[in-house]
Amino acid sequence: MYCGAYQTQGTIFPAPNFNPIMDAQLLGGALQGISCEKDVLIDILTQRCNSQRLMIAEAYRDMYGRDLITDLKENLSHHFKEVMVGLMYPPASYDAHELWHALKGVDTEEKCLIDILASRSNMEIFQMKEAYLMQYNTDLQQDINSETSGHFRDTLMNLAQGTRMEGYADPSMAAQDAMILWEACQQKTGEHKNMLQMILCNRSHQQLWMVFQEFQNISGQDIVDAINECYDGYFQELLVAIVLCIRDKPSYFAYRLYNAIHDFGFHNKTVIRILIARSEIDLINIRQRYKERYGKSLFHDIKHFASGHYESALLAICAGDAEDY
């Protein structure tokens with residue numbers, strides 16, 4: 001059965017009685033002072049939704065003749081700066097910004113490419129590509145093509161097209177697709193890898209739910225276990241991410257956050273990116289999955305590993321229930 005229709009909920013909502021001019025004044029005061037009043041920045045920017053922050057930035061420019069993002073960059077440092085600046089980008093621009101840095105940094109950050117491209121809808125991908133072109137004057141697919149390689153690249157390129165079927169399901173095709181996936185896990189030729197990624201990148205979520213069930217019936221094995229056994233490297237990680245996101249996106253992000261916090265000694269970039277990107281979409285669901293799966297709350301784990309204003313900013317985005325504190 002297809003259960004992709006749970007209620008999603010973010011942690012950040014539009015602030016009531018919103019006054020962008022007053023907020024811009026308070027931010028100006030906080031940034032102009034001898035010592036930057038970081039608590040004021042946190043109180044305002046984490047408690048306004050993205051569209052409200054954009055209105056604040058506009059009011060700030062009118063008031064001071066300066067760009068708020070530039071002023072944040074000049075007055076802040078380290079990871080705290082990354083959080084505050086990240087909150088100021090519209091969602092598509094933030095994805096574009098993260099992808100550009102992942103592709104054009106000293107080392108390609110494959111896990112960032114996987115997190116974003118495996119989890120975004122067609123519309124989100126379309127908007128992200130437009131933002132990428134506007135911000136960096138270059139084509140996202142061209143950059144993926146030049147900075148990655150092999151079947152990993154082919155799969156990313158396919159996802160970046162944003163052409164997944166939507167809402168369509170054909171039960172009679174599900175067994176056939178499952179058979180192709182099963183063969184691809186046995187044979188592992190280039191052609192089989194191609195067919196495998198074509199199915200995972202282009203079929204609708206509803207269709208793939210049926211395909212995964214049929215795969216289990218044919219092979220007696222879960223599709224994720226089969227992929228893990230048959231493939232390796234970033235190609236395998238990307239295929240698994242696609243499957244996990246189709247099954248339950250909040251669970252995927254809970255798993256990625258746990259990894260980033262515990263297995264990589266608090267991988268700051270990953271934690272920041274997921275909290276900001278999901279803050280108005282499904283961060284409440286991610287928190288629930290995290291607690292169910294790992295026993296401790298996300299709030300608790302961030303509190304344990306981060307510190308200072310950086311910690312305060314992350315906790316404000318994460319928000320928390322009384323028992324998390």
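How many residues of domain 1 are in contact with how many residues of domain 4? I began my notebook with this, and I found that 15 residues of domain 1 touch 12 residues of domain 4, where contact means heavy atoms within 4.5 Å.

**Ground rules.** I noted that this is a predicted model, in which local features need pLDDT of at least 70 and side-chain atom pairs count only at pLDDT 80 or more, while totals for chains, interfaces and linings use all residues. I also wrote down that residues are numbered from 1 along each chain as its sequence is written, and that side-chain values use heavy atoms, with hydrogens and water left out.

**Domains.** I looked up the division of the protein and found domain 1 (20–87), domain 2 (91–161), domain 3 (171–247) and domain 4 (254–319), with bounds that come from an automatic or database domain assignment.

**Domain 1 against domain 4.** I read that the C-alpha centres of these two domains lie 23 Å apart. The area buried between domain 1 and domain 4 is about 1100 Å², and carbon and sulfur atoms give 74% of it; buried area is the accessible area (1.4 Å probe) that two parts lose on being put together, summed over both. Of the area that domain 1 buries against domain 4, Ile42, His79 and Val83 supply 40%, more than any other three residues.

I then counted 0 salt bridges between domain 1 and domain 4, a salt bridge being a side-chain nitrogen of Lys or Arg within 4 Å of a carboxyl oxygen of Asp or Glu. On the side of domain 1 that touches domain 4, α2 (38–45), α3 (50–64) and α5 (78–87) each supply at least two residues, and α5 gives the most, with 7 residues. Helices here are DSSP runs (H or I, at least four residues), numbered from the N terminus.

**Two glutamates.** I looked next at Glu109, which sits in the loop between α6 (91–104) and α7 (110–117). Glu109 counts as partly exposed because its relative accessibility is 23%; the classes are buried under 20% relative accessible area, exposed over 50%, and partly exposed in between (1.4 Å probe, protein chains only). Not counting residues up to four places away in sequence, Glu109 touches His101, Ala102 and Lys269.

Is Glu311 buried or exposed? Glu311, which I located in helix α19 (residues 308–318), counts as buried because its relative accessibility is 15%. Leaving aside neighbours within four places in sequence, I found Glu311 in contact with Lys303 and Ala306.
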